[in-house]
Amino acid sequence: MTEGSLVSAQLLVFRVGTLACAAEVDQVREILPRLPTTRIPGAPPVVAGLVNVRGTLVTVVEGWRALGLPPLSPPPSPDAGPTGSTIILELGKGEDPAHERGGARKRIGFTVDEVVDMLAGGETTLEDRQGLPGVDPTLVRAVGRRNGELFIVLDVAALLGPILTS
């Protein structure tokens, strides 16, 4: 999908820390309350672990680590359990070069602090992605503005593809 075609895309807007982000709805499989994960020995710190989603093991990535953000402070108490949500995203043929050969769609969880809204095409203005302090521009497809608030439209394949291959 080209940057210009995002104008008509539906977007799911969420927060990771204080950063407002969005992903295209056609990449979102489902939204779950944040589930406890099982740590994978030897996995990089960005990988929170595995969760079982109706019989399918799904790798879960810590959203704040993947985006290079500082952790929330203060961290939630261990007794309170996990907070936020896990968005189950699908990467498939044409979106992730590592999966071009088989054409299979790969599910991956992405932790967020809050799911904010879903926007239909035309409800937001998308702008050039230049000049975003603190955000790697290779992970951003566009910058959106809705009701005066800025959010970034993530390039999900660029953000999560390298994690899947590591």
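Arg-15, Glu-114 and Glu-149 are tied into a network of salt bridges in this predicted model. Let's take the two contacts in turn. Glu-149 meets Arg-15 with the closest N and O atoms 2.4 Å apart. That pair reaches between distant parts of the chain, with Glu-149 in strand E11 (residues 149-154) and Arg-15 in strand E1, 134 residues apart. For the salt bridge between Glu-114 and Arg-15, the closest N and O atoms are 3.9 Å apart. Here Glu-114 sits in strand E8 (residues 114-119) and Arg-15 in strand E1, so the contact ties together parts that are 99 residues apart in sequence.

A search of the whole structure turns up six salt bridges. One of them joins the side chains of Glu-24 and Arg-141, at 2.3 Å from N to O. It also links distant parts of the chain: Glu-24 belongs to strand E2 (residues 19-24) and Arg-141 to strand E10 (residues 140-146), 117 residues apart. Both Glu-24 and Arg-141 are buried.

Strand E1 has another link to follow. The count of aromatic pairs comes to one, and it's Phe-14 with Phe-110, edge-to-face, 6.1 Å centre to centre with 65° between the planes. Phe-14 lies in E1 (residues 11-16) and Phe-110 in strand E7, so the pair ties together parts that are 96 residues apart in sequence. Both of these phenylalanines are buried.

E7 takes us to the open sheet, where five strands line up in the order E3-E6-E7-E5-E4 with mixed pairing. Strand E3 (28-33) and strand E4 (47-53) are the edges, each pairing on one side only. From one strand to the next, the twist averages 30°.

E4 and strand E5 (residues 56-61) run antiparallel and are joined by six bridges. Within this pairing, Gly-49 has Val-60 in E5 as its bridge partner, while Val-51 has Val-58. The two strands make a hairpin with two residues between them, and Arg-54 in the turn has a positive phi of about 50°.

Strand E6 holds Thr-86, which counts as buried at 4% relative accessibility. Leaving aside residues up to four places away in sequence, Thr-86 touches a run of neighbours that includes Glu-30, Ile-31, Leu-32, Val-60, Gly-109 and Phe-110. What lies across this part of the sheet? Helix H2 (residues 156-165) does, covering E4, E5, E6 (85-91) and E7 (106-112), and running at about 90° to E6.

Now zoom out to the whole chain. Its secondary structure comes to two helices and 11 strands, in the order β-β-β-β-β-α-β-β-β-β-β-β-α from the N terminus. Of the contacts with a separation of 6 or more, 57% are between residues 24 or more positions apart. Buried residues make up 40% of the 166 in the chain. The chain exposes about 8,800 Å², with carbon and sulfur atoms supplying 54% of that area.

Terms used: Residues numbered from 1 in each chain as written. Predicted model: local features only at pLDDT ≥ 70, side-chain atom pairs only at ≥ 80, totals over all residues. Heavy atoms only, no water. Pairing = 2+ DSSP bridges. Helix = DSSP H or I, 4+ residues; strand = E, 2+ residues; numbered from the N terminus. Axes fitted to C-alpha atoms, helices over the stretch in contact; angles between N-to-C directions. Contact = heavy atoms within 4.5 Å. Buried < 20%, exposed > 50% of the residue type's maximum accessible area, 1.4 Å probe, protein only. Areas by Shrake-Rupley, 256 points an atom, 1.4 Å probe, with all protein chains shown as cover. Phe/Tyr/Trp six-rings, centres within 6.5 Å; stacked < 30°, edge-to-face > 60°. Salt bridge = Lys/Arg side-chain N within 4 Å of Asp/Glu carboxyl O.
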